[in-house]
Amino acid sequence: MTRGSSANLGFVPEPLAQLPWKVILLVLAIGCFDLLVLYSAAGGHIRPWALSQGVRFFVLLGGAMALSRVRESTWSSISLPVYGVIILMLLGVEILGKVAGGGQRWLELGIIRLQPSELMKPFIVLACARFYEMLPPAEIRKFGAIWPPLVLIGIPAALVMLQPDLGTALMITAGGVTVMFLAGIPLRLFIGGGLAGAILAPIAFNFVLHDYQRNRILIFMDPESDPLGTGYHISQSKIAIGSGGIFGKGFLNGTQSHLDYLPEGHTDFALATMMEEWGLVGGVLLVIAWFTIIWWAVNVALKSEGRFARLTAAGLATTLFFYVSINMAMVMGMAPVVGVPLPLISFGGSSQLTVLLCIGILMSLDRQNRQQTRW
Amino acid sequence: MNRPTRLVNEVQQSYSFSRRALVLGAAQGAVAVALASRMTWLAVIENQRYQLLAESNRVNLTMIPPRRGWIIDRYGHPIANNRTDFRVDIIPDRLPKEQTDQVLKLLQQLLSLPPEQIARIQTDLKRAAGFQPVQVAENLDWDRFAAIQVRLPELPGVAPTRGYSRSYPAGPAVAHLTGYVGAASAEQYKQTKNPLFITPGFKIGKDGLEKALEEKLRGSPGAKRVEVTAHGKLVRELATRQDVPGHNQRLTIDAGLQEYAARRLGTNSGSAVVIDVTSGDLLAFVSMPAYDPNSFSDGISHLEWKMLSDNDHVPLMNKVLQGLYPPGSTVKPMNGLALLRAGVSPDDRISCGGALRVGNGIFHCHKRSGHGPLNLKQAIMASCDIYFYEMVRRLGYDQVAPVARTLGLGQKFDLPFSTQRYGTVPDSAWKLKKYKAEWTVADSLNASIGQGYVLANPIQLAVMASRIASGRSLQPRVVMSGNAPIANPLPLNPEHLAYIRDAMYGVVNQGGTGGRARLNIPGVSLGAKTGTAQVRRITMAERAGGVRSNASLPFKMRDHALFICFAPVENPRYAAAIVLEHGGHTVTNLDTPGIGRDIITYLLDRDRALKSLAEVEPTWGGDIATRMAAETAAYKSQISLVQGAQTETNATAAPTDAPAVEAATDAANSSAAAIANTAQPAEEGSREATND
């Protein structure tokens, strides 16, 4: 097959020429910008964050580009087995956590420390998509189309809630439910589900959530009520963003982050660290960059032919969307603090792995589309 | 619309997917816009507010108390200055209750504080109004101060400051002149809302000139801005605005003379005032014994305050302005002027037989056997009571009172002190108004020897001496402000004044009552008048059996000893008044003529004066500081014998503020007035001294 895009770049090897370079450059830009942010967050040092984050970023980006060579059918066939393995790992975390005595979220796998709940974020999408791919279209409006995905979603969500990690459980649920929505489950079920959620939310608030999670939601409602406790995070992060103004205080000049007023300035609240120094301009550019990537992912879904590819691409687009929007909303005081990192900006290997895995899968689906549509 | 039986095929499913994906995409786009709007809201609309908050996070602003202006003497020597001081305070608002014990324990360990100090801090913390700093320790050495600085993160609410504290080099000698400084009270802060008032280390004038000259001395505070981390660690100092020190205030006081006079008063409860008769400048303004303004400015303990208020020598009272005494025979030169003015010839003689019968009362002279015939000069020199009884009986006291006022008795002077009592110069109109009673001959006779209704404070006596010496209507001043205005001549005949000065010369140099005041400086002579004021009534029975000697009486019953003088007689330069409460003329080197002589000698021949003081001072128990330390030790041992260990905790519960001290002054004052009242031979004490 010959394709237009490689015609005028004849000297580039075909596998490279097939890559969606615009998206890769965008990801690369975000990743490199992140290194500046982490360099500043460490007070102008590449240790302890910028260096390791950078090394991981480039390795994982290479990995994502490699993943783009994987065929759609392969993703489809491995999705359920991998889902099963991650469930086992989540159980392992739970058991080890009980042994070690509380709140562990990761597995020590020799060289890396893996957080299986992070991996579940893309793979719940793949597993659900795989289920609907196998389901005959005529069955979509039947009960058999609904309960298996709910079980698929419910098991990991419950395990993650036990850790306890509200943010991740919410994202797993949202990712799976989005696939169900796109698969064509009757709309009234979502409306009914929404109503049920509205009724169950207060019950869950009182009986399911841990004290600190309940507290965070209460503080979210009124951050100033506890300026030195949990509300401190939100207040200080708003101060950091607000004081940055349009153009920011300048690289390495953030006071909120450098003087430790902003807690978690390199992880969950990295957006505040960044916007204090780069201002509204930096924040809006980051929003544009991320929503361009998300819009690209939605387009990949729209252009895909196969049912698995469509649902997967749209589901992963939503996963990325939840990452970005929940974190930003939380950092700016629009949502409770639930512990969702800002993809490719917050320091941390697990979320980096997840996000670049999503992008790798999306690139592979994109490659499939190009080969089919020949443009 | 959707039937459950409806068959869904792949095309329909694909269409439904696209539609739903677009809906999802649109929703995501809306969220993107919402996020960007929120960013804009925070970073643009609310930017100023958050900038302010970030700045107040980052910058820690502390006020630097202004250095207080110095109080200097006429020659520029410091009377009150500042010394560098490392101090530690606790701001109760910033110290969480549950951490109090832990913080105090660490402070005790770092500063090696005695347990009673910890008890005082605990009491103060309980009583303090949140924002008001509670002093932990003052005058720390650098090592201990640095230890606090290093452990600061473990000491919430603890504020170490490097500042200045007030120092009075002459200590008690200037106490009643300068007053003292102290932390502002909670009421003062509430009235003004001045943040300076709750800045650790800031002191305001609480009494005396420190209080009166507060505005000039205070200056304006500086501000120190430091960048701190969230954990309170100092990152760097930002621009610091220096404080503007208060203005220095020059006084007319001669610091050396002031201290000398204070020492020369010895163990007496007394006061001394010296005036430069060319200008009215107050050269010395001494009331002894006194508190140590240095320790008062650090905050006085209950024990210290109780000791001072228990002392029968009333160290808390400013006797110069608030002590009222019957002036006794020191009014006789003034009486003489009044007699001459009324036409009495200096050569008119009265024969003193030791007693004078008026109506059915008998008035005695201090010399039982009588002085024989005397003219005015001889009467002044011998301080004969009968001469003045008889002369004033003939003239009436209404002829004398105007001259008394002209010379300053009963007058209030424009001096920067908050309380000034100005005594009484009685006459018939005054008595009618005050007591609705007619003036009697007995009243005239009592007044003629400076007893009865007549009351004066030491500064009035000094002014009287200076006006007699200069012939001018001098106004005393203590604050140096340009040249003193030339005072108007007194409305008195200069020849009369010269005659009286000569009589006062005679008191000292021609065999009068003040022979011991004779100066040992060739070519310079002193003019003076002695005085004694009874503070009890001498009964007929006692008089018959011989008047008891003062030495045999309890302290409070002894006579007051008074003295006015000026020198050189030939060309007056200095005038002075000395009043010893219950001095009783008992110990020669502690009596008024010797003190007057030495104070004047200091002005004319300093070395001689210092030498003679050095000879006698050891016999009084050492210098002022030594005697005060000994008294404190004695008092403490006595208290602990009586009350045991309990006292210390009681003492620490004391207010460290001025109102109590002021109350003590008032109490002392009223008791002095009560004593003065009992001094009237004629009638018992319904009379009251007028005061401001």
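## Helix α4 of chain B

Let's start with helix α4 of chain B, which covers residues 115–127. Helices here are DSSP runs of H or I with at least four residues, strands are runs of E with at least two, and both are numbered from the N terminus. The 13 residues of α4(B) reach 19 Å from the first C-alpha to the last, close to the expected 18 Å; that expected span is 1.5 Å times one less than the number of residues.

Which residues of α4(B) are buried? They are B:Arg120, B:Ile121 and B:Asp124. (Buried means that 20 or more other C-beta atoms lie within 10 Å of the residue's own, exposed means 12 or fewer, and partly exposed is in between, with C-beta atoms placed from the backbone.) Looking down the axis of α4(B), the buried residues sit within an arc of 100°, so they line one face of the helix. The arc is taken from the directions that run from the helix axis to the C-beta atoms. Over on the other side of α4(B), B:Pro115 and B:Lys126 are exposed.

## About the model

This is a predicted model, where local features need pLDDT of at least 70 and side-chain atom pairs count only at pLDDT 80 or more, while totals for chains, interfaces and linings use all residues. Residues are numbered from 1 along each chain as its sequence is written, and chains are lettered from A and ligands numbered from 1 in the order in which they are written.

## A five-stranded sheet

Chain B also has an open sheet of 5 strands, in the order β14-β13-β21-β20-β19, with antiparallel pairing. (Two strands pair if DSSP finds at least two bridges between them.) At the edges are β14 (282–288) and β19 (527–533) of chain B, each pairing on one side only.

How many residues of β13(B) are buried? For this strand (residues 269–276), it's 8 of 8. B:Ser269, B:Ser271, B:Val273 and B:Ile275 point one way, and B:Gly270, B:Ala272, B:Val274 and B:Asp276 point the other way.

β13(B) pairs with β21 (residues 574–581) of chain B in the antiparallel sense over 8 bridges, and B:Ala272 has B:Ile578 as its bridge partner in β21(B). Another 6 bridges join β13(B) to β14(B), again antiparallel, with B:Val273 opposite B:Phe285 in β14(B). The hairpin of β13(B) and β14(B) has 5 residues between the strands, and B:Gly280 takes a positive phi near 90° there.
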